[in-house]
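Subject: Structure for you to look over

Dear colleague,

Here is the structure I said I would pass on. My notes follow below it.

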Amino acid sequence: MRWSAAFIPTLRDAPADAEAASHKLLVRGGFIRQLHAGHYSLLPLGLRVHEKVAQVVREEIDAIGGQEFLLPAMHPASLWKQTGRWDVMGDEMFRLQDRGGADLALGMTHEEVFSHIATSLHSYKELPQLWYQIQMKFRDEPRPKSGLLRVREFAMKDSYSFDIDDEGLDRAFEAHHGAYIKIFDRLGLTAMPVQASSGAMGGSASVEFMVASPAGEDDVLVCGSCGYRANVERGTSRLDPVDSSPSDEVPERFATPGVRTIAELEDIDGGAVAVNQIKTMVMVLDGEVALALLRGDHQLNLQKLQDCSGAVEIRPATSEETFASLGAHPGSLGAVGVTGLRVLCDLALEGRTGMVTGANEDDWHLRGVSMGRDIAVDAWVDMREVQSGEACVDCGSVLEVVRCIEAGHIFKLGRKYADAMGISVLDADGKAQIPTMGSYGIGIGRAVAAIAENHHDDAGLCWPLAVAPYHVLITILDLDDQEAAALANEAEIAFTRAGLDVLVDDRAARPGVKFADAELIGVPYRLTIGGRSLSKGQVEFTPRETGTTEMLERTSCIEVILDTLLASQ
RNA sequence: CGGGCUGUGGCGCAGUUUGGUUAGCGCACUGGUCUGGGGGACCAGGGGUCGGAGGUUCAAAUCCUCUCAGCCCGACCA
């Protein structure tokens, strides 16, 4: 490709509203353009990277026996009603109607459609099956952000496994686990598998593949010592022991005028340190007011609450709802003597005595509260969010919280969808069996952004060879120089013949412009042909990553570069 | 959904407080001259009606009302 004829609209300035490095650089480098919030056009350069990422993913899923499909992006509502997700998905699903008034949806995932196809499986002999596609998903994200990192329309590799038994599902899950490790490694991403919440997908196990990046949106607990890795939506920690010896104390009201926060209650006369307080949070779970109790110094994690409560829709109660339920305002709430409300209590409070909590009367608190005796707890659950510095649940070392991009997610779904969709095969005994499913996703565009986040410097992008839009950039400095033109031509032909993607910068621009653009778009290797070196019979070879230039002999440069590139592929 | 911010040529911005000539600057773009190894200089150009609608006024980018869009934080989110 000759740059002079290519559409590579580089910009000197990033759009003012771009924050993330990948967003800025992908726009500046002429890879993407925003159409509107959450919808991006891939320009030729961006598409090249996108396709290369997709190809790596395709090869590795093929390698574990995946069969590629391409399913419709638009689905009939009936399909989604069959699994109940027409209602469950809520506002996140794009919905529309055809001319006849029939309800349709734009697919946000494809369990339903693949399951629909899987109803034509009839025998255990046809299992296992591993099906996948690379296709557009549509999700009406409340807040698209950071360029390609969070969008409303994106290509996803989604695969689905169908097995007769749990052992089969385990094998499919492990196969994906291994494939994902290879994929992210080939993409130049350091991805760590972490224990994750299955969220609305349900199912028995789920592992996320996380790439550390400040541009990410997930927090992961990382133990540097034993390798424990878990999303904060799932992970836990080992707490320092606290005194919880049985106590004869009975709850006693005491005045706390003006006290509304944990910190204020620590300071007031007769109060208690946060560890000895009960934090009472009023939440609305699927329309029903419930109490979530935590130790005073702990934070609630909503995803954990959702997972342990089974509720689909969760929100904090309004202060009106709170007052109507408990008769007091936030800051004076407690669960002592409360009946008729579901009370969920964090495990960290189990067996605690001598606690301080709100009295459900503004400006009054209770002390001497014993958990089991004074509070009617419906369920003991893990719903606190682990903070950085807490002790690893497995080995006791210090946990670190690392900000990450979720690059992949694999789920064991079990039989929920297969059952709902009516998939059934006969086993060896002639008995009908419902297959068990797994589902496995990688967002292609998000992977592109994650790579950009992790492979760039001040001058621009720095693509790993495997996903670079072009492998080599031949920069001609003096367009009038016949010898330079001839050499560039010769090199382009030789590189292309060797299977490399070559971009030749033959623009009538000054060297500074060409160098700056070269670094911005991040082609891994640059061959610079300029009069100054050429007069000495030399050319320059510069890997983008190091930026250090090596002088090569004009006569042998093509060979040397080919050796270098083919060796590093 | 709550909070904050922003909409002026392709990109980045000034002008809005205090309404008043043909709406300005940098980059990019076109033609030219010089230059020629890190976004060069000069000359000459083209392109916007100021997110949209309504209103106030002799006069609106500027004031008022409504509305749309985008970004950030939070909530939410397979």
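**Strand pairing around β15**

Strands β15 (residues 278–285) and β16 (residues 288–295) run antiparallel and are joined by 8 bridges. Please keep in mind throughout that this is a predicted model. Within this pairing, M281 has A292 of β16 as its bridge partner. β15 also pairs with strand β18 (residues 314–316), again in the antiparallel sense, over 3 bridges. There the bridge partner of M283 is P316. As for cover, 7 of the 8 residues of β15 are buried.

**The turn at D286**

The hairpin of β15 and β16 has 2 residues between the strands. D286 sits in that loop and has a positive phi of about 50°, although it is not a glycine. Most residues other than glycine have a negative phi. D286 counts as partly exposed because its relative accessibility is 45%, between the cut-offs of 20% and 50%. On the surface, D286 belongs to a patch of negative charge together with D91, E288 and E313.

**Two other backbone points**

D363 is another residue that is not a glycine but has a positive phi, here about 75°. D363 lies in the loop between β20 (355–361) and β21 (364–369). With a relative accessible area of 26%, D363 is partly exposed.

The other point is a cis peptide bond between L127 and P128, with omega at about 0°. Most peptide bonds are trans. P128 is found in the loop between α5 (111–118) and β7 (129–138).

**Salt bridges**

The count comes to 31 salt bridges.

What does the salt bridge of E492 and R2 tie together? The side chains meet at 2.6 Å, N to O. E492 lies in helix α13 (residues 482–497) and R2 in the segment before α1 (21–28), so the pair ties together parts that are 490 residues apart in sequence. E492 is buried, at a relative accessible area of 14%, whereas R2 is partly exposed, at 26%.

D382 and K304 form a salt bridge as well, at 3.1 Å from N to O. D382 is in the loop between β22 (379–381) and β23 (384–385) and K304 is in helix α8 (residues 302–309), so this pair ties together parts that are 78 residues apart in sequence. K304 is buried, with a relative accessible area of 3%. D382 counts as partly exposed, at 24% relative accessibility.

Helix α13 comes up again with R554 and E483, whose closest N and O atoms are 3.1 Å apart in a salt bridge. This pair links distant parts of the chain, 71 residues apart: R554 is in the loop between β35 (550–553) and α16 (557–568), and E483 is in helix α13. Both residues are partly exposed, R554 with a relative accessible area of 21% and E483 with one of 36%.

Finally, E141, K145, R150 and E217 are linked in a network of salt bridges.

**For your reading**

When you open the model, please look at the loop that holds D286 and at the cis peptide bond joining L127 and P128.

Regards

Terms used: Residues numbered from 1 in each chain as written. Chains lettered and ligands numbered in written order. Predicted model: local features only at pLDDT ≥ 70, side-chain atom pairs only at ≥ 80, totals over all residues. Heavy atoms only, no water. Buried < 20%, exposed > 50% of the residue type's maximum accessible area, 1.4 Å probe, protein only. Helix = DSSP H or I, 4+ residues; strand = E, 2+ residues; numbered from the N terminus. Pairing = 2+ DSSP bridges. Patch = residues over 30% accessible without salt bridge, like charges linked within 9 Å, V, L, I, M, F, W, Y side chains within 5 Å. Areas by Shrake-Rupley, 256 points an atom, 1.4 Å probe, with all protein chains shown as cover. Salt bridge = Lys/Arg side-chain N within 4 Å of Asp/Glu carboxyl O. Lys, Arg positive; Asp, Glu negative; His and termini not counted. Charge placed at Lys NZ, Arg CZ, Asp CG, Glu CD.
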